[in-house]
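This briefing covers selected side-chain features of one protein chain, grouped by topic for review alongside the coordinates.

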Amino acid sequence: VTAEISFLAVPSDVTMSPSLAGITGGTSSGSTTVRVLTNNDTGYNMTIGFSTTTAMTRNGGGGNIRNYNPASVNVPDFTFSNEVYAQFAYSVSASTTADMTTIFKDSGAACNTSTGDVINRCWLNPSTTARSIINRTTYTQSSGATTSILFRVNVPSNPVPSVQEGTYVATATLTALVN
């Protein structure tokens, strides 16, 4: 019997909510969920990669929302740090916390430090380089293993530079391969 892997539930498109004002600002959030099934004894690895260097771009061109800038390179910030510019980040949560890569696990106060999973914490910048977000080390039950990807955009009051009116889009690709 060979190892197989499949998405039982594929991620859906995310519409961030609420809509944001370009001058007075605010925070908008969204999420999507994916379920993976594998019979591989050593599990699977899931990565996320974004299609453009600046992930959140204005539909039709002419603007973007900067990628989040964590305090330490390649380590998520436990809390989302608001800056003078608009920014976009993502976080990961899993039905089995042990499946998450170490950088998204938290101690309740810091990321990349423990075995916990506090939802809406551990925010990281998007990257065109695929990053591992799940590394499960065993097969899944027939119902699969669930992962949620959370997204956040923050536009501060009077951002510098200003954010043009319009619809902004980010495209991410999730890839799941057997270990």
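**Phe88 and its surroundings**

Leaving aside its neighbours within four places in sequence, Phe88 is in contact with Phe50, Ala55, Met56, Ile65, Arg66, Asn67, Tyr68, Pro126, Phe151, Arg152, Val153 and Ala170. The model is predicted, and the values below are computed from it.

**Nonpolar cores**

- The largest nonpolar core comprises 32 residues. Within this core, the residues with the most contacts are Met46, Phe88, Tyr90, Phe104, Ile133, Ile134 and Ile149.
- Strands β2, β3, β6, β7, β8 and β10 (172-178) each contribute at least two residues to this core.
- Strand β8 provides the largest share of the core, namely five residues.
- There is also a second, separate core of five residues, with Tyr68, Ala89, Trp123 and Leu150 among them.

**Aromatic pairs**

- The count of aromatic pairs comes to six.
- One of these pairs joins Phe50 and Phe88, with 6.1 Å from centre to centre and 85° between the planes. The arrangement counts as edge-to-face because the angle between the planes is over 60 degrees.
- This pair links distant parts of the chain, since Phe50 lies in strand β3 (residues 44-50) and Phe88 in strand β6 (residues 87-94), 38 residues apart.
- Phe50 and Phe88 are both buried.
- Phe88 also pairs with Phe151, at 6.0 Å centre to centre and with 10° between the planes. This pair counts as stacked because its planes are under 30 degrees apart.
- One aromatic cluster is formed by Phe50, Phe88, Tyr90, Phe104 and Phe151.

**Charge over a ring**

- The charged end of Arg66 is placed over the ring of Tyr85, at 4.2 Å from the centre of that ring.

**Disulfide**

- The count of disulfides comes to one.
- This bond is formed by Cys111 and Cys122, whose sulfur atoms are 2.1 Å apart.
- The torsion about the S-S bond of Cys111 and Cys122 is about -110°, and the disulfide is therefore left-handed.
- Cys111 and Cys122 are each located in the loop between β6 and β7 (131-136), 11 residues apart.
- Cys111 counts as buried because its relative accessibility is 8%. For Cys122 the relative accessibility is 1%, so Cys122 counts as buried.

**Thr38**

- Thr38 is situated in strand β2 (residues 26-38).
- With a relative accessibility of 3%, Thr38 counts as buried.
- The side chain of Thr38 reaches the backbone oxygen of Glu4 at 2.6 Å.
- When neighbours within four places in sequence are left aside, the residues in contact with Thr38 are Glu4, Ile5, Gly43, Tyr44, Tyr139, Thr140 and Val178.

Methods: Residues numbered from 1 in each chain as written. Predicted model: local features only at pLDDT ≥ 70, side-chain atom pairs only at ≥ 80, totals over all residues. Heavy atoms only, no water. Phe/Tyr/Trp six-rings, centres within 6.5 Å; stacked < 30°, edge-to-face > 60°. Helix = DSSP H or I, 4+ residues; strand = E, 2+ residues; numbered from the N terminus. Buried < 20%, exposed > 50% of the residue type's maximum accessible area, 1.4 Å probe, protein only. Lys NZ or Arg CZ within 6 Å of the ring centre and 35° of its normal. Disulfide = S-S within 2.5 Å. Polar contact = N/O pair within 3.5 Å; in protein donor to acceptor, adjacent residues only side chain to side chain. Contact = heavy atoms within 4.5 Å. Core = buried A, V, L, I, M, F, W, Y, C linked by side-chain atoms within 4.5 Å.
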